[in-house]
Amino acid sequence: MYKVALESLLLITVIFINVLVAQENSAGAAVKTQSDSAKVKAEQILKHAREAISKKIKVEDIKSLLINIKSSEQFVVPTRQNQVIQGNIETEFGLILPDKIRQNFSGDYTTNQSTSILVLNGDRFSRKTNVTVGGEPVNVDIDNIDSKEQNIARLKYDTFINIFPVILDATYYAPLEFRYTGATESKDIRAEILEAHTRNGAKYNLFFDAKTYLLLMMTESWTNKENKSFENKYFYSDYQEKGGLLVATKII
């Protein structure tokens with residue numbers, strides 16, 4: 001399994017966008033009221049955030065997306081005496097919401113070059129991968145390592161991670177319910193924090209600028225089967241209008 005050793009820098013361009021009932025005691029009622037209030041406030045912040053990124057098109061009117069992502073990554077492979085692998089990657093997501101995804105992936109690594117085309121159409125899935133070393137094709141059966149269900153789950157996750165910061169809607173590929181948890185300040189920036197949990201135990205925290213409602217940071221944390229904790233942090237900046245939306249074109 002690869003472990004991310006250094007941060008990944010993503011430059012994103014949106015190319016095209018089409019458009020049994022129980023009696024509650026007073027303590028329980030108070031907790032429920034607080035929880036409901038936190039959910040309502042979270043929805044209010046998300047509403048303001050979607051309005052902030054809607055320029056020439058409203059987020060709720062989007063029917064399809066084409067997103068191109070260029071990134072640089074560096075990995076350490078523990079099973080190969082901690083070999084360091086660097087790569088420049090270009091990924092294109094073409095989506096017709098909610099259940100049609102085409103992902104074109106091209107990676108130029110220090111050890112090999114690879115391309116993949118993944119297509120999900122409802123419950124139908126296909127994947128084709130080619131790997132070359134020094135220009136010569138290598139016979140590897142990457143496409144059949146994981147089950148169809150695992151491949152679909154990974155594609156949906158990759159899609160969520162990449163399109164959620166663009167349209168701020170998690171319902172398509174990761175149905176999250178957010179709640180407001182408070183605010184934090186750093187230097188001259190105040191951020192409102194929303195939190196959500198997935199069914200498999202992953203937790204997300206979203207930090208929105210309290211003035212502009214633009215997404216500043218997202219953290220993703222989880223614990224694996226060996227009870228080891230992990231965390232990813234995504235920092236969003238350089239917002240520019242792309243395809244009628246205000247989009248973070250730089251992600252670290």
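How many aromatic pairs does the count come to? By the ring rule it comes to five, where Phe, Tyr and Trp (its six-membered ring) pair if their centres lie within 6.5 Å, with planes under 30 degrees apart counted as stacked, over 60 as edge-to-face and the rest as tilted.

Before you click: this is a predicted model, in which local features need pLDDT of at least 70 and side-chain atom pairs pLDDT 80 or more, while totals for chains, interfaces and linings use all residues. Residues are numbered from 1 along each chain as its sequence is written, and side-chain values use heavy atoms, leaving out hydrogens and water.

**Stop one: F160 and Y204.** Select both and you will find an edge-to-face pair, 5.5 Å centre to centre with 85° between the planes. F160 lies in helix α2 and Y204 in strand β11 (residues 203–209), so the pair ties together parts 44 residues apart in sequence; helices (H or I, at least four residues) and strands (E, at least two) are DSSP runs numbered from the N terminus. Both F160 and Y204 are buried, meaning under 20% relative accessible area, with exposed over 50% and partly exposed in between (1.4 Å probe, protein chains only).

**Stop two: W222 and F230.** This pair is stacked, at 5.6 Å centre to centre and 20° between the planes. W222 counts as partly exposed because its relative accessibility is 31%, and F230 is partly exposed at 34%.

**Stop three: F208.** Leaving aside neighbours within four places in sequence, F208 is in contact (heavy atoms within 4.5 Å) with residues including I45, L168, R190, L194 and Y213.
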